[in-house]
Amino acid sequence: MIITTQKPLEEILNYLRPYRKIFIIGCGTCATECQTGGEKQVQEMKEKLEKEGFEVVGTGMIESPCDERLTRKFIRAQRKNGRALDDAEAVLVLACGAGVQVVAELLDKPVFPGLNTHFIGKVERIGRFYERCRACGECVLGETGGICPVTQCAKGLLNGPCGGMADGKCEVGGWTRPCAWVLIYERLKAMGRLDLFKKFRPPRDYSRKAGPGEVVWR
Ligand code: SF4
Ligand code: SF4
């Protein structure tokens, strides 16, 4: 899931101050799950903006604003049902950065983010989110016992542990967190696959990761 948190209200107000009529869009998937951009948060944001003197001309939820097809469909439906979206002087999107950008690409008016986007992570429970993937494009989980060294190792090392490991803990943060490479070793040992631990992974060619990223099926 894409993990997001709400931006401080003051930052949102600063974006919106030059405008009066605002339309708010929420995300029915990740931001709903994170409780940052679901229906409840959209309504709460509406109330906060109205208290600050804005006119919220409309609100709406898109199942996944990052999906251009769904966002186009939402915009078409809004235009069929009334003029709220067209009347808005600015749009506030409570979704991840990808969702905000899709809305901005499709609307010919100022679009602003209401959330900060942090990472692809696991949800332990609401309010406890942990990074698990940085979308590196060359997944090595098959060689590391299902533990991601890019996100779990503080230095993102593909071969470890480094010299900063002591008693199974990582030097980064003062030996309070487990060293990812010790966890990987233990997992691979339990799997009877220490051959994978001994395998050298060459340095990555990060120039191949230069953005903007694309995955296009031919
Ligand atoms: S190695 Fe880690 S960061 Fe890369 S794709 Fe796999 S889980 Fe994601
Ligand atoms: S101690 Fe382990 S987790 Fe920390 S930086 Fe070194 S290899 Fe990575």
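This is a predicted model: local features need pLDDT of at least 70, side-chain atom pairs count only at pLDDT 80 or more; totals for chains, interfaces and linings use all residues.
The protein contains 9 helices and 7 strands. Its C-alpha trace extends over about 65 × 45 × 30 Å along the principal axes. The radius of gyration is 22 Å, whereas a compact globule of 218 residues would have a value near 17 Å. Of the 218 residues, 28% are buried. Among contacts with a separation of 6 or more, 56% are between residues 24 or more positions apart. The domain assignment divides the protein into domain 1, residues 2-118, and domain 2, residues 136-204. The centres of domain 1 and domain 2, taken over C-alpha atoms, are separated by 39 Å.

Helix α6 covers residues 97-106, and its buried residues are Gly 99, Val 100, Val 102 and Val 103. Viewed down the axis of α6, these buried residues fall within an arc of 160 degrees, so they line one face of the helix. In an α-helix there are 3.6 residues a turn, so residues three or four places apart point the same way. The elements that cover the buried residues of α6 include the strands β2 (21-27), β4 (90-94) and β5 (111-113), together with the helix α4 (68-81).

Strand β6, residues 115-125, contains Gly 121. Gly 121 has 18 other C-beta atoms within 10 Å and is therefore partly exposed, since a buried residue would need 20 or more. Not counting residues up to four places away in sequence, Gly 121 touches Met 1 and Ile 3, as well as Phe 129, Tyr 130, Glu 131 and Arg 132. Glu 105 is 16 residues from Gly 121 along the chain, and the C-alpha atoms of the two are separated by 26 Å.

Arg 134 is placed in the loop between β7 (128-133) and α7 (149-152). Arg 134 counts as exposed because it has 12 C-beta neighbours inside 10 Å, and 12 or fewer is the condition for that class. Apart from neighbours within four places in sequence, Arg 134 is in contact with Phe 119, Val 150 and Thr 151. Thr 151 is 17 residues from Arg 134 along the chain, and their C-alpha atoms are separated by 6.5 Å.

Arg 134, Val 150 and Thr 151 are also among the residues that surround ligand 1. By class, the shell around ligand 1 consists of 8 nonpolar residues, 1 polar residue and 1 charged residue.

Ligand 2 is surrounded by 15 residues. Those closest to ligand 2 are Cys 153, Gly 160, Cys 162, Cys 170 and Cys 179. The shell of ligand 2 divides into 11 nonpolar, 2 polar and 2 charged residues.

Gly 160, one of the residues closest to ligand 2, is joined to Pro 161 by a cis peptide bond with omega about 0 degrees. Pro 161 lies in the loop between α7 and α8 (180-190). The loop between α7 and α8 also holds Trp 175. The phi angle of Trp 175 is positive, at about 55 degrees, although the residue is not a glycine. Trp 175 has 15 C-beta neighbours inside 10 Å and so counts as partly exposed.

A cis peptide bond is also found from Gly 211 to Pro 212, where omega is near -5 degrees. Pro 212 belongs to the segment after α9 (194-198). A positive phi is likewise found at Gln 35, a residue other than glycine, with a value near 60 degrees. Gln 35 is located in the loop between α2 (30-33) and α3 (39-51). With 14 C-beta neighbours inside 10 Å, Gln 35 counts as partly exposed.

Notes: Residues are numbered from 1 along each chain as its sequence is written. Chains are lettered from A and ligands numbered from 1 in the order in which they are written. A residue is near a molecule or strand if its C-beta atom, placed from the backbone, lies within 6 Å of it. Ala, Val, Leu, Ile, Met, Phe, Trp, Tyr, Cys and Pro count as nonpolar, Asp, Glu, Lys and Arg as charged, and the others, Gly among them, as polar. Domain bounds come from an automatic or database domain assignment. Helices (H or I, at least four residues) and strands (E, at least two) are DSSP runs, numbered from the N terminus. The arc is that of the directions from the helix axis to the C-beta atoms. Two residues are in contact if their C-beta atoms, placed from the backbone, lie within 7 Å. The radius of gyration is taken over C-alpha atoms; the globule rule is 2.2 Å times the number of residues to the power 0.38.
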